[in-house]
Amino acid sequence: MTINSFSRFSRRGALVLAAAFAFAASAHAQAATPRVKLATSAGDIVVELDEAKAPKTVENFLQYVKDKHYDGTVFHRVIDGFMIQGGGFTADLQQKPTRAPIPLEASNGLKNDKYTIAMARTGNPNSATSQFFINVKNNDSLNAPNPDGYGYTVFGKVVAGTDVVDKIRAVATGNKNGMQNVPLEAVTIKSATVVAK
């Protein structure tokens, strides 16, 4: 092999390697864990979503984000020492229309620990739509199969803005429109957007 042909091979090999690395980096970026920023009237909260363990729940949540469903909704139920819940009501406590409910993914190994995000639901385990809650303490009683044989699906965790969660959990609450534990001064989600890691 001459020096010239070797250098041509090296250049070609380097280009192939560079292309392979670029493709791998691109695939890694696409597979990166999605994050959503909830810009609230109390400050910003960033949640990192676990697609691997809760794929249907994450897909559902991201679709609501893309549809701008959460923009203008409020944290309508706040219980200090338990959780803060939002994603379903406007500031005047009108419930927003939702898509069809999703199947429960509560037995995915993720726990309802402090600062995790989980789906709210009715007594029907497969009834979650848009409403979610952020745990403000370790709520072992919500982990499958508790409290009703099914559990509540955790699908991510707060990675920035835990101080904002703490601020929201401490707001004064009361009864409004037949609902309990409603913040007396609305805590609004101004926007929900997918953000880069």
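**View 1. D44 and K37 pair up through their side chains.** D44 forms a salt bridge with K37, and their closest N and O atoms sit 3.9 Å apart. A salt bridge here is a side-chain nitrogen of Lys or Arg within 4 Å of a carboxyl oxygen of Asp or Glu. D44 has 38% relative accessibility, so this residue counts as partly exposed. K37 counts as partly exposed too, because its relative accessibility is 28%. For these labels, buried means under 20% relative accessible area, exposed means over 50%, and partly exposed is in between, using a 1.4 Å probe and protein chains only. The structure holds six salt bridges.

A word on the model before moving on: this is a predicted model, where local features need pLDDT of at least 70, side-chain atom pairs count only at pLDDT 80 or more, and totals for chains, interfaces and linings use all residues. Residues are numbered from 1 along each chain as its sequence is written, and side-chain values use heavy atoms, with hydrogens and water left out.

**View 2. D148 and R121 link distant parts of the chain**. The salt bridge between D148 and R121 has its closest N and O atoms 2.9 Å apart. D148 lies in the loop between β6 and β7, R121 lies in the loop between β5 and β6, and the two are 27 residues apart. Strands (E, at least two residues) and helices (H or I, at least four) are DSSP runs, numbered from the N terminus. R121 counts as buried because its relative accessibility is 13%, while D148, at 33%, counts as partly exposed.

**View 3. D166 and R169 meet in a salt bridge**. The N to O distance for this pair is 3.1 Å. D166 and R169 are three residues apart in helix α3 (residues 162-169), so about one helical turn separates them. D166 counts as partly exposed at 22% relative accessibility, and R169 does as well at 23%. Salt bridges that share partners bring D80 into one network with D166 and R169.

**View 4. Strand β5 has buried residues pointing both ways**. In β5 (residues 116-119), T116 and A118 point one way, I117 and M119 point the other way, and all are buried. Three bridges join β5 to strand β7 (residues 154-160), and the two run antiparallel. I117 has G156 as its bridge partner in β7. Another three bridges join β5 to strand β6 (residues 132-135), again antiparallel, and there M119 is partnered by F132. Strands pair if DSSP finds at least two bridges between them.

**View 5. V36 sits in the largest nonpolar core**. A nonpolar core is a set of buried Ala, Val, Leu, Ile, Met, Phe, Trp, Tyr and Cys residues joined through side-chain atoms within 4.5 Å. Of the 32 residues in this one, V36, I45, F61, F132, F155 and I168 touch the most other members. Helix α2 (residues 55-66) gives the most to this core, with five residues. Leaving aside neighbours within four places in sequence, V36 is in contact (heavy atoms within 4.5 Å) with several residues, including I45, F61, L62 and V194. A second, separate core of eight residues includes M83, L110, Y152 and V154.

View 6. pLDDT is the predictor's confidence in each residue, from 0 to 100. The chain's mean pLDDT is 89, and 84% of its residues reach 70 or more.
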